[in-house]
Amino acid sequence: MKMAAAGEPHSSLYDTIVVGAGIQGSFTAYHLAKRGRETLLLEQFPLPHSRGSSHGQSRIIRRAYPQEHYAQMMAESYRLWEQLGAEAGAPLYRQTGLLVLGADTNPEFQRCCQTLVQHRVPGELFTAESLPGRFPGIRPHDGEAAVSDRTAGVLYADRALRTVQDEFRRCGGALHDGQKVTDIKPGVVVTVTTTAGVYRAKSLVITAGPWANKLLAPLRLQLPLQTLRINVCYWKEKVPGAYGVSAHFPCFMAICAPHHIYGLPSNEYPGLMKICYHSGSPADPEERDRPPEASALPDIERLRDFVSKYLPGVVPEPAVVEHCMYTNTPDEDFVLDRHPEFSNIIIGAGFSGHGFKLAPVVGKLLSQLSMGEEPSYALEPFRIRRFPAPPPAAP
Ligand SMILES: Cc1cc2nc3c(=O)[nH]c(=O)nc-3n(C[C@H](O)[C@H](O)[C@H](O)COP(=O)(O)OP(=O)(O)OC[C@H]3O[C@@H](n4cnc5c(N)ncnc54)[C@H](O)[C@@H]3O)c2cc1C
């Protein structure tokens with residue numbers, strides 16, 4: 001497709017422009033192109049890149065959710081992941097199972113057990129005494145229990161992102177990377193200016209990850225989003241492979257206060273398990289890779305403590321630390337909604353560190369909103385109006 005010179009509008013009028021080619025924007029664009037909509041996906045960095053939230057080789061996929069609305073969406077999400085893998089001829093996830101570990105009286109643990117039963121997800125309940133018999137690598141403590149979700153596993157994240165972008169292009173979509181969106185003019189036709197051109201569309205979807213509020217500020221909207229720098233830690237197994245996918249070690253999610261700890265069996269780095277804290281330190285996405293103060297690493301201290309207490313076959317010192325961003329809402333539910341003033345501008349944001357597995361459904365919902373269709377799920381938990389109105393700006 002011919003590109004317009006900077007400052008000169010592109011001659012095409014797109015049905016939809018999607019800003020941000022992370023997993024959410026890429027799935028939104030894919031659904032739109034599959035439905036025959038003329039779609040342009042814009043990305044600020046040359047692809048692939050590791051500056052946002054969707055890079056890296058692995059993400060957990062699970063049906064064990066304490067909230068019913070996500071448990072419901074996950075049934076369809078699994079089908080859509082399966083379908084995308086079949087279209088591309090490459091599997092996008094590996095089933096490993098997942099253990100939710102927590103105090104047996106913990107309400108979140110109990111809600112996970114309930115959703116698994118309610119949705120007839122195959123799994124098993126373990127006590128602190130019975131768990132080591134099945135998974136000798138984990139040492140639970142008195143009063144703790146575990147429930148397994150056998151359908152869970154590891155999504156091959158980089159491969160999944162590349163695949164959905166390839167399928168989007170195969171369906172006729174245009175993906176322009178290395179073009180930062182610098183201006184958005186709302187209207188019946190939205191005009192989007194990038195560092196390389198000017199484009200017009202009947203609707204716009206903003207899926208800009210940790211940059212969402214930067215794009216929304218000129219549109220007179222600020223969401224209560226907190227951007228967090230996450231330390232992605234890999235830990236050495238004392239016996240290589242003991243906690244690996246080949247040894248059938250599962251993913252796990254330990255319900256801890258104030259934030260969970262989760263782990264994935266060793267796979268992407270042989271002999272290293274991925275074990276992370278489900279929170280981080282506030283950071284602007286542009287400054288993610290600035291070395292943190294030593295005092296800003298309480299997450300790694302908590303992880304060391306967890307590994308020593310629960311995973312006797314893992315060295316309690318991270319061998320590799322990488323970085324990624326979370327964009328959290330106060331309730332950790334997503335934002336999937338229209339802009340309150342400009343109804344043809346749709347926002348997908350605040351995926352709060354658990355949005356990858358749900359991206360096929362998120363993309364479908366955002367595409368439905370942009371096409372003016374009734375969304376397939378109730379969007380109440382995701383509406384912008386659930387947040388208290390911000391105080392009026394100082395005069
Ligand atoms: C360490 C870590 C572990 C995680 N583990 C899991 C897990 O196990 N399971 C799970 O389900 N989820 C997990 N998540 C969460 C999941 O990865 C995110 O929810 C998801 O990737 C968010 O995708 P996104 O598309 O919203 O954001 P991003 O991937 O950040 O994409 C936004 C894109 O917008 C682009 N952009 C921004 N501004 C502009 C602009 N002005 N012009 C053009 N482009 C722009 C950015 O460059 C970026 O590519 C994890 C996240 C992290 C960080």
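So, which residues come nearest to the ligand? Glu 43, His 49, Ser 54, Ile 60 and Cys 324 do, out of 37 residues around it, where being near takes a heavy atom within 4 Å.

Quick caveat: this is a predicted model, where local features need pLDDT of at least 70, side-chain atom pairs count only at pLDDT 80 or more, and totals for chains, interfaces and linings use all residues. Numbering runs from 1 along each chain as its sequence is written, and side-chain values use heavy atoms, with hydrogens and water left out.

Okay, polar contacts, meaning N or O pairs within 3.5 Å. Arg 59 puts a polar side-chain atom 2.9 Å from a ligand oxygen. On its own the ligand has 1000 Å² of accessible area, and the protein covers 97% of that (Shrake-Rupley, 1.4 Å probe).

What's the shell made of? We've got 19 nonpolar, 14 polar and four charged residues, with Asp, Glu, Lys and Arg counted as charged and Gly among the polar ones. α1 (23–34), β3 (58–61), β13 (226–237) and β18 (314–328) each give at least two residues, and β18 gives the most, three. Those are DSSP runs, at least four residues for helices and at least two for strands. Domain 1 (9–54 + 158–224 + 331–386) and domain 2 (95–153 + 226–328) each supply at least three shell residues, with bounds from an automatic or database assignment.

Notes: A polar contact is a pair of N or O atoms within 3.5 Å; within protein, one must be able to donate a hydrogen and the other to accept it, and residues adjacent in sequence count only if both atoms are side-chain atoms.
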